[in-house]
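Work through each task before reading the solution under it.

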Amino acid sequence: MSKTVKVDIWSDIACPWCFVGKRRFETALEKFEAAGGDVSVEFHSYELAPDTPVDFAGSEVDFLVSHKGMPAEQVKQMLGQMTELAAAEGLAYDFDALQHTNTVKAHELLHFAKAQGRQLEMSERLFAAYFEEGRHVGRIEDLADLAEEIGLDRAAVVEALTQDVHLADVEADKKQAIAYGITGVPFFVIDQKFGVSGAQDPSVFLDVLQKAAADV
Amino acid sequence: MTGPFEMVGEDAPLCEDGVCALPTPPDDDLASD
């Protein structure tokens, strides 16, 4: 196999299934590449709750109770199950420490990182910071810290995020998602031909990668 | 659900409109029969 398979992933940082789906995709990717496959991955912006304030005062439970009208006990049970499922993928979700926030600036940062050829590392750093480390991913200074941790220029990040340099890129991704009919994330587009919705089993991702590679 | 693409895979958990699908209880299938 020599053809490079292009994978476009629509996701949101504040999406627990997106991080799980990312891991399941990576499991498939590892096998695919070990067998000689070549893949190019690009993340695209999708905001699940764009009306969320940057400095949301409260926990994840508070957010879901107040914004979605779900009973607190049901939310706690759901998050407990989500934590167990994430653990099965090697992820240590910590919903007690999680700081709910607006993710538009995080998406701008992902576009900034893409321009520097570092988008995959930035995506991983943002997901881990949000779900596992209780880091804030909505404020520019906090995002600049995370960017610096993967070797990006902190001052350049602050400038780009302050001046909304990549806001148009975020909006373009969102418009593309609407055009594609994407209503939930994660959503994977393979070679502009195949669509995979949700945190599928790695075998599904591996099958579609092999199918795309064989499709000339 | 997405017109331009040949969809692959069965229904899988995702997040939609700010709400994420409830995880499926892991023991349901094993408990049957």
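**Exercise 1. The interface**

Task: Describe the contact between chain B and chain A in this predicted model, giving residue numbers on each side and the buried area.

Solution. 
Step 1. Count the residues in contact: 22 residues of chain B touch 32 residues of chain A.
Step 2. Turn to area. The size of an interface is often given as the accessible area lost when the parts come together. For chain B and chain A this comes to about 2400 Å², with 64% of it on carbon and sulfur atoms.
Step 3. List the charged and polar pairs. The interface has 1 salt bridge, formed by the side chains of Lys211(A) and Glu6(B) at 3.0 Å, N to O. The cut-off for such a pair is 4 Å. There are also 8 residue pairs in polar contact across the interface, both residues being at pLDDT 80 or more.
Step 4. Assign the chain B side to elements. Strands E1 (6-7), E2 (15-16) and E3 (19-20) of chain B each give two or more residues to the side that touches chain A.
Step 5. Sort that side by class: 14 residues are nonpolar, 4 are polar and 4 are charged.

**Exercise 2. The sheet**

Task: Which strands form the open sheet, and in what order? Which are the edge strands?

Solution. 
Step 1. Write down the order. The sheet has 5 strands, E2(A)-E1(A)-E3(A)-E4(A)-E1(B), and is open with mixed pairing.
Step 2. Find the strands that pair on one side only. These edge strands are E2 (38-45) of chain A and E1 of chain B.
Step 3. Examine individual pairings. Strands of a sheet pair through backbone hydrogen bonds, either parallel or antiparallel. E1 (residues 4-11) and E3 (residues 187-190) of chain A run antiparallel and are joined by 4 bridges; here Ile9(A) is opposite Phe188(A).
Step 4. Cross to the other chain. E4 (residues 194-197) of chain A and E1(B) run parallel, with 2 bridges between them. Phe194(A) has Glu6(B) as its bridge partner. Glu6(B) is also the residue that meets Lys211(A) in a salt bridge.

**Exercise 3. Loops of chain A**

Task: Where in chain A do Pro186(A), Asp164(A) and Ala14(A) lie, and what is noted at each?

Solution. 
Step 1. Pro186(A) is in the loop between helix H8 (167-180) and E3. The peptide bond from Val185(A) to Pro186(A) is cis, with omega near 10 degrees.
Step 2. Asp164(A) belongs to the loop between helix H7 (154-162) and H8. Its phi is near 55 degrees, a positive value in a residue other than glycine.
Step 3. Ala14(A) sits in the loop between E1 and helix H1 (16-34). Beyond its neighbours within four places in sequence, Ala14(A) is in contact with Leu48(A), Thr103(A), Tyr130(A) and Phe131(A). The C-alpha atoms of Ala14(A) and Gln99(A) are 9.8 Å apart, although 85 residues separate the two along the chain.

Technical notes
Residues numbered from 1 in each chain as written. Chains lettered and ligands numbered in written order. Predicted model: local features only at pLDDT ≥ 70, side-chain atom pairs only at ≥ 80, totals over all residues. Heavy atoms only, no water. Contact = heavy atoms within 4.5 Å. Buried area = accessible area lost by both parts, 1.4 Å probe. Polar contact = N/O pair within 3.5 Å; in protein donor to acceptor, adjacent residues only side chain to side chain. Nonpolar A, V, L, I, M, F, W, Y, C, P; charged D, E, K, R; others polar. Pairing = 2+ DSSP bridges.
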